[in-house]
Amino acid sequence: MARTFWAWISARNLVEAGNRRAQELGLSNLRFQEGDATDLAGLPGKAFDLVVSIFGAMFAPKPFDVAKEMVRVTRHGGRIIMGNWIPNDPTLVAQILKISAAHTPAPPEGFISPMTWGIEANVIERFASAGVPKDNVSFIRDTYTFNFPGVPSGLVDAFQRYYGPTMNAFEGAERNGRADDLRKELDALFERQNISQRKGTTSIPATFLRVTVEVN
C-alpha cells in the first residue's frame with residue numbers, strides 16, 4: 001500500500017529545501033509543509049500510523065494543544081514518537097540552552113519553557129489531557145551525536161547562524177556588549193564536550209528523552 005508522508009516544519013527555508021530535495025529524488029509521496037504544531041490545520045483526524053517530532057514540537061507554545069493535535073491526527077493503534085531535550089542535563093544542548101538563557105531577555109509572562117517536554121511527569125500530564133492513558137506513554141533516555149567535519153568552534157558557528165536559541169542569545173548579547181563573552185562560553189563548552197579522536201573534527205553526544213505514545 002502506498003503511503004504519503006508529510007513533514008510540518010516552522011522554518012520556511014527548510015520547507016523549500018525539503019520539497020526541492022524530494023522532487024530531485026522523485027519522491028512524489030513526500031511533502032514538506034510549513035505549519036504550527038499547536039494547530040495542524042488541514043490534516044484530517046486519525047490519518048497517520050506514525051507521528052514524529054524530533055526536537056521540534058517541544059519548541060511550540062501551548063504544550064497541551066501540541067499533545068492534543070498530535071493525538072488527533074494519529075490513527076487508532078498508531079504511535080507518536082517525540083525526541084525532547086532534558087532540562088539541566090550535563091550534555092551539550094541543555095548546556096547550550098542554559099548558557100543562552102543568561103544572555104536572552106526574560107520571556108513574556110505565561111511563557112512555558114520548551115525544556116518541560118523533557119520531564120516525564122509533564123509529558124504524561126499533557127497526553128493524558130488528550131485522552132491517552134498513562135500506561136500508553138513510555139520513555140527512554142537516548143543519545144544524538146553531533147558529528148561535524150571541523151573543529152568545535154566551527155560547529156559553534158553553525159549554531160550561531162542556524163539554531164534559534166543561540167541566534168536569539170547572540171542578538172541579546174550584542175545589545176548588551178557581551179557577545180564576546182557568550183562566544184567564549186560556547187567555544188569552551190563545545191571544546192570540553194568534544195570526544196572525537198580525530199584531529200580537526202568534532203563529535204559531541206547529547207542526551208535526550210525519547211517518548212513513545214501508543215494511541216488506542
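Predicted model: local features only at pLDDT ≥ 70, side-chain atom pairs only at ≥ 80, totals over all residues.

Tutor: Here is a short walk through the fold, the core and the aromatic contacts.

Student: How many helices and strands?
Tutor: Seven helices and six strands. These are DSSP runs numbered from the N terminus: H or I of at least four residues for helices, E of at least two for strands. The order is β-α-β-β-α-β-α-α-β-α-α-α-β.

Student: What are the spans along the principal axes?
Tutor: The C-alpha trace spans about 50 × 45 × 35 Å.

Student: OK, packing. How much of the chain is buried?
Tutor: 42% of the 216 residues. Buried means under 20% relative accessible area, exposed over 50%, partly exposed in between, with a 1.4 Å probe and protein chains only.

Student: And the largest nonpolar core, which residues have the most contacts inside it?
Tutor: Ile80, Trp85, Phe127 and Phe190, in a core of 51 residues. Such a core is a set of buried Ala, Val, Leu, Ile, Met, Phe, Trp, Tyr and Cys joined through side-chain atoms within 4.5 Å.

Student: Stay on Trp85. What does it touch?
Tutor: Leaving out residues up to four places away in sequence, its contacts include Phe55, Met58, Val93, Met115, Tyr163 and Phe208. Contact means heavy atoms within 4.5 Å. Trp85 counts as buried, at 4% relative accessibility.

Student: What's the ring geometry with Phe208?
Tutor: The structure holds 10 aromatic pairs. Trp85 and Phe208 form an edge-to-face one, 6.3 Å centre to centre with 85° between the planes. Trp85 is in strand 4 and Phe208 in strand 6, so the pair ties together parts 123 residues apart in sequence. Rings of Phe, Tyr and Trp (its six-membered ring) pair with centres within 6.5 Å; planes under 30 degrees apart are stacked, over 60 edge-to-face, the rest tilted.

Student: Which residues form the aromatic cluster?
Tutor: Phe55, Trp85, Tyr144, Phe146, Phe159, Tyr163, Phe190 and Phe208.

Student: Switching to helix 3. Why is it largely enclosed?
Tutor: Eight of its 10 residues (92-101) are buried, so the rest of the structure largely encloses helix 3. Its buried residues pack against several elements, including strand 4 (74-85), helix 6 (164-175) and strand 6 (202-214).

Conventions
Residues numbered from 1 in each chain as written. Heavy atoms only, no water.
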